[in-house]
Each structure stands twice: as structure tokens, then as C-alpha cells.
Amino acid sequence: MERVAYLADGASRALRPELARLLSCVLPHMKRALLFGLISLVVGAVGDGAAATGDAEGPAVFDGAGTATQLDWSAGEVPAVGAAKAVAAPAGKRKKRSTLALIQIDGLGYRNLLRAVRGGEAPNLARLLGAGGYRASPYLNGLPTVTMAVMVQVFYGKRIPGNEWFSKAQDKPVVANDYERTLPGHAGLLHGGEVHLSELSGGGTGTNVNRIFMEETEQHGKIEAVLGQVAGAYPLFVRYRLRHGLPPGWITGQVLSDKAKLARDFQKAGFTTEKDKKAPLFLALIDRVFSPVALEGVRRAIRNRAPVVFADFSSVDERAHYYGTDAPEVAEAMRRIDSAIGEIARAAKEHGARLVIFSDHGQTKTDNFIRRFGKRPQEWVDELARASNPAARPGELVFAHVYSLGNIYVRNTAGHLDAAELERRYPGLLRRLADHPGVGMVAVRDGPGVRLLGKAADPIAQYADALASPVALRAQVERYLAIDESGDIVIFAPYDGERTLDYNENYTLASQHGGLGGDQMHPFLMWDPAAVGLDPAALADAQGLNAVFQALIER
């Protein structure tokens with residue numbers, strides 16, 4: 001949710017007048033990198049009949065014979081669902097090294113996947129799980145449970161502390177987009193393939209990718225970067241509009257109508273931060289513009305037999321953040337994504353591509369730290385530092401949120417400080433943190449191991465459930481503290497079996513993810529065992545998917 005973008009007035013004047021009017025309305029309120037190129041598409045491109053030649057089908061339900069499997073689950077045990085054994089590969093033009101299509105439904109937890117399938121919101125996914133022979137299973141994504149950290153695991157086999165964090169070595173905040181720049185593109189999973197609607201590129205090329213836009217802006221300037229986005233996305237948008245028979249002005253009207261409803265809902269709910277105020281237009285654009293372009297990009301990559309293509313359909317995640325996972329607005333977003341997956345599944349069957357559908361995390365209901373305690377987390381940490389050491393200065397301890405997880409760094413120190421050194425510098429700090437009602441657990445390094453502190457003898461037990469044992473979760477915490485730039489102290493928000501606590505101060509969220517507790521820990525994998533070999537139980541975290549997907553690409 002951190003894409004920054006600008007568009008010069010001269011560029012808008014060079015475009016058609018209708019676009020210029022729209023730009024003048026929306027751009028002063030937007031800071032999202034993906035807006036530039038695609039905003040020109042919102043006004044409804046004039047048709048290019050050649051773009052859709054031989055490809056005129058409309059929205060699809062995956063056309064496997066039979067009915068969907070009847071699914072059942074409970075809070076106690078949620079088994080994998082779908083085909084019990086491998087079935088025959090789908091008929092089609094399967095070749096030795098066909099496209100591997102990786103489709104991410106951002107923010108959809110395993111339990112909510114099953115709800116959507118059983119509740120009729122995902123008929124295409126239901127058919128894949130039924131007659132299509134697919135299986136669905138939860139997997140452990142590891143810490144932190146946020147999108148860009150999971151992407152770095154999947155794309156590069158590496159681990160980072162969050163979407164953003166504090167670098168003690170550089171003495172400044174760092175974001176994952178900048179971290180990706182330090183990695184060679186050829187090392188990314190998507191190198192030689194395509195990527196659409198994504199924060200990170202994974203070494204691939206495509207449309208509406210924040211990392212690519214940022215790099216083009218630095219190399220060529222904002223206007224050229226904008227025009228590059230337009231050139232890449234425009235034909236895909238035209239194809240989508242023509243295939244679905246949409247008149248030129250229809251999508252513009254839908255974007256503005258959706259934005260108005262979202263703005264009213266946000267105002268009524270009291271979502272008043274600056275980023276809250278800018279979110280309605282971006283959420284509308286995700287549904288009406290960004291996702292259709294991503295759909296067409298994936299279908300094109302499959303037709304052209306690209307080795308791999310990835311797309312992150314993020315509407316469920318964005319709407320669930322503000323409305324909650326059970327809201328009708330989220331169900332509506334799910335239906336749109338399911339329709340897109342139906343079209344992708346049909347293209348995959350026709351061209352012999354292999355399709356893996358997965359999520360990066362789920363979401364857990366949340367309260368907000370600032371609203372509950374009346375102060376920013378950094379202010380609170382400064383107070384605790386002074387209570388532990390009267391000589392401590394404001395900002396000496398730096399707090400960096402990962403939503404329901406918080407990293408605390410001791411500034412101007414090298415490496416990681418362990419429990420003994422922290423106690424020497426700030427006597428009683430760890431206990432003060434652990435006793436605070438806004439903290440469920442504190443994790444620090446203790447010699448070669450990790451020490452967990454909380455209000456109970458086994459503080460990690462509050463986060464365990466049928467899909468994640470205390471032993472498995474402790475291993476996740478230990479792996480997190482092994483990340484180079486994780487905090488000297490890591491705190492986890494409390495979890496009461498239903499709700500957690502959000503440390504972020506940029507957005508006002510109804511549900512979120514980042515740490516431990518509830519569905520945020522339980523994303524899903526969905527695959528055809530006849531075409532793709534996957535064993536979710538063998539994954540320690542999402543990092544293991546890098547090797548699995550790489551092997552599938554090379555097959």
C-alpha cells in the first residue's frame with residue numbers, strides 16, 4: 001500500500017481532453033505508482049478491432065464437467081480439500097515446458113477460500129476443486145505475514161523483516177522495493193517471464209509493477225515512465241473492453257461510482273488518516289482497471305507460452321482491510337477475481353499451461369493501538385526507554401511496525417543486541433514491554449537461542465490453533481529473528497482468539513496481517529496434482545516455494 005507517483009501537467013495535456021479532465025480531478029489525491037499508465041485507460045479506449053481478433057469470448061466459468069465437491073470444515077480441523085488422488089491432465093496443447101501461471105489472491109486466507117467456495121462466491125474455484133481435479137491446502141507462510149516479504153521469499157528465496165523496516169547500518173527506514181534493487185534481476189524467479197499488478201518484479205517484465213515503474217522513473221523521468229506504462233497496458237485494456245463488450249464510458253462511470261461509495265463508507269466509519277482519504281479511488285481502480293489489465297496480461301503470456309507469469313489480484317485484501325473479511329464488499333471482490341480465474345483457467349486448458357493459485361496471507365480482525373492507548377507506538381517506546389534509563393533520548397530506540405508485529409531497534413549499535421545487553425542498557429525494559437496490554441509476546445535473542453516473554457508461562461500458546469502448533473510457531477519466530485535487519489526486540493500484538501492489535505499509524509484498518517494469530521497465518525495453495533507436484537506440509541514457510549516453482553519452470 002505504499003506506491004508513490006506523479007504525472008506532469010504537460011503529459012495530461014498531450015492526452016485526449018476527456019483524460020485530461022479526469023487527471024485533473026484525481027491526480028492531486030493520488031500517490032500510487034500504478035495509477036499513471038493505467039489512468040489513461042479509465043476513460044475507455046477507442047476500439048482496436050485487430051487486438052481482439054480470434055479472441056472474442058466473454059467472462060467464463062471453467063467448463064469442467066460435473067459438480068463442485070461439497071466442502072466441510074470446522075474451527076477444530078480444516079483438512080486439504082479437492083481431489084484425493086492425481087487425475088488425468090487436462091486435455092489441451094500441453095508441451096514439455098509450458099507456461100507456469102502463478103496467480104496470487106492477495107489476502108485470502110484458507111478458511112475464507114473455503115467459505116467463498118461453499119457460499120457460491122467462487123464457482124470457478126469450486127469447479128476446479130471438483131471436476132477439475134485440483135486440491136487446496138493451507139501452508140505456513142512464515143514471518144512477517146505481509147505481501148512484499150512473502151514475495152521476496154517466493155521470487156528470490158530470501159527473507160526480509162517487512163514491507164518496510166529500519167536499517168541500523170544505513171540509519172534510515174528501508175522499503176522492500178528498494179531492497180529488490182540490490183538483487184540481480186536474473187536471480188529472480190520471474191526472469192524471462194512476465195509479471196502484472198505487483199509491488200515487486202521478481203526479475204520479470206510486465207504492466208503495473210511498482211518496482212519497474214520506480215526504476216524507469218529514475219532512469220528516464222516521470223513523463224517517459226508514465227508513457228511507458230500507458231504503452232504497455234493500453235492494448236491489454238482494449239482487448240479486455242472489446243472482449244467484454246464494454247462501451248467507452250462505462251468503466252469511467254464505474255470507477256467514479258465505486259470511489260464515491262467507498263468515500264462515503266470510509267467517512268461514516270471514521271477512517272480519517274491521509275492515506276485513508278486517498279484509498280477509495282485506488283481501490284476502485286484496482287477493481288475496474290488494474291485487474292482487467294492483469295487478466296489480459298496473464299492470458300497473453302499463456303498464449304505466447306512465456307515460461308512463467310505472475311499476477312497479484314489484490315481486491316480482496318484491500319477491501320478486507322477496511323470492511324473486514326466477512327463483508328459483502330469483500331464477497332463482491334471475490335466474485336470478480338473468481339471470474340478472472342475462470343478465464344485464466346480456460347486459457348491454461350486451451351494452451352496446456354500449468355496453473356497454481358495461492359495467497360500470501362490471510363487477515364485477522366484488529367483494533368488499533370493508537371485508538372486504544374492514545375499515543376503513537378514510537379511515543380510509547382520513548383516513554384518506556386526513559387523509564388528504564390533516564391538518560392535515554394527520544395528516538396534512541398526506533399519502532400518500525402509490521403502491522404501486528406513491531407521491530408524495536410537500538411540506534412547506533414552494530415548487529416543485534418541480546419537480552420543481557422538490552423537489560424544492561426535499559427533495565428526492566430523487556431518486562432515493561434511484556435506486561436503492557438498492547439503486547440502479547442516479546443522475542444529477543446538469548447545467547448544462541450531465543451527468549452520469549454509474556455504474561456503467561458508459554459506466551460506463544462495464545463497464537464496456536466489447529467493449523468499451527470506452538471512448536472511450529474516458535475520455529476517461525478526463531479527464523480524471523482535470524483533475519484539480518486529484524487529488530488533487536490520484536491513484539492507481537494496480543495490475540496484473544498478473534499482479534500489482534502495493529503501498530504501501524506498510516507491506515508485505519510478493520511482487519512490486518514503481519515504477525516501471529518488467526519487467519520493471517522494461514523494462506524492457501526491450490527494446484528492440479530496431475531500437472532504440478534506440491535507438498536504444502538513440507539514447507540517451513542513461503543521461502544520453500546521458490547525452489548518448488550523454479551523446478552516447475554525448468555520442467
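R288 has a relative accessibility of 12% in this predicted model. Because burial is assigned under 20% relative accessible area, R288 counts as buried. The residue belongs to helix α11, which spans residues 274-303. Its side chain is joined to that of Q254 by a polar contact of 3.0 Å. Beyond neighbours within four places in sequence, R288 is in contact with F237, W250, I251, Q254, V255, D258 and R336.

Two packed helices are described by the angle between their axes and the distance between the axes. For helix α10 (residues 250-269) and helix α12 (residues 315-323), the axes come within 11 Å and cross at roughly 30°. Angles under 35 degrees count as roughly parallel, and α10 and α12 are therefore roughly parallel to each other.

A second pair is formed by helix α8 (residues 210-220) and helix α9 (residues 222-243), whose axes lie 7 Å apart and pack at an angle of about 140°. The two helices are therefore oblique to each other, and α8 passes α9 in a right-handed crossing. From α8, the residues F213, E216, T217 and H220 take part in the contact, while α9 supplies K222, E224, A225, V226 and Q229. The contact of α8 with α9 divides into three nonpolar, three polar and three charged residues.

H361 lies in the loop between β9 (354-358) and β10 (364-368). Is this residue buried or exposed? With a relative accessible area of 0%, H361 is buried. Its side chain is joined by polar contacts to two others: one of 3.2 Å to the side chain of T147, and one of 3.4 Å to the side chain of H513. Setting aside neighbours within four places in sequence, the contacts of H361 include D106, G107, L108 and G109, as well as N141, T145, V146 and T147. Further contacts of H361 are D317, H513, Q520 and P523. The C-alpha atoms of H361 and D519 are separated by 7.7 Å, although these residues stand 158 residues apart along the chain.

Technical notes
Residues are numbered from 1 along each chain as its sequence is written. This is a predicted model: local features need pLDDT of at least 70, side-chain atom pairs count only at pLDDT 80 or more; totals for chains, interfaces and linings use all residues. Side-chain values use heavy atoms; hydrogens and water are left out. Axes are lines fitted to C-alpha atoms, for helices over the stretch in contact, and angles run from 0 to 180 degrees between N-to-C directions. Helices (H or I, at least four residues) and strands (E, at least two) are DSSP runs, numbered from the N terminus. Angles under 35 degrees count as roughly parallel, over 145 as roughly antiparallel, 65 to 115 as roughly perpendicular and the rest as oblique. A crossing is left-handed if the near helix is turned anticlockwise from the far one by less than a right angle, and right-handed if clockwise. Contact means heavy atoms within 4.5 Å. Ala, Val, Leu, Ile, Met, Phe, Trp, Tyr, Cys and Pro count as nonpolar, Asp, Glu, Lys and Arg as charged, and the others, Gly among them, as polar. Buried means under 20% relative accessible area, exposed over 50%, partly exposed in between (1.4 Å probe, protein chains only). A polar contact is a pair of N or O atoms within 3.5 Å; within protein, one must be able to donate a hydrogen and the other to accept it, and residues adjacent in sequence count only if both atoms are side-chain atoms.
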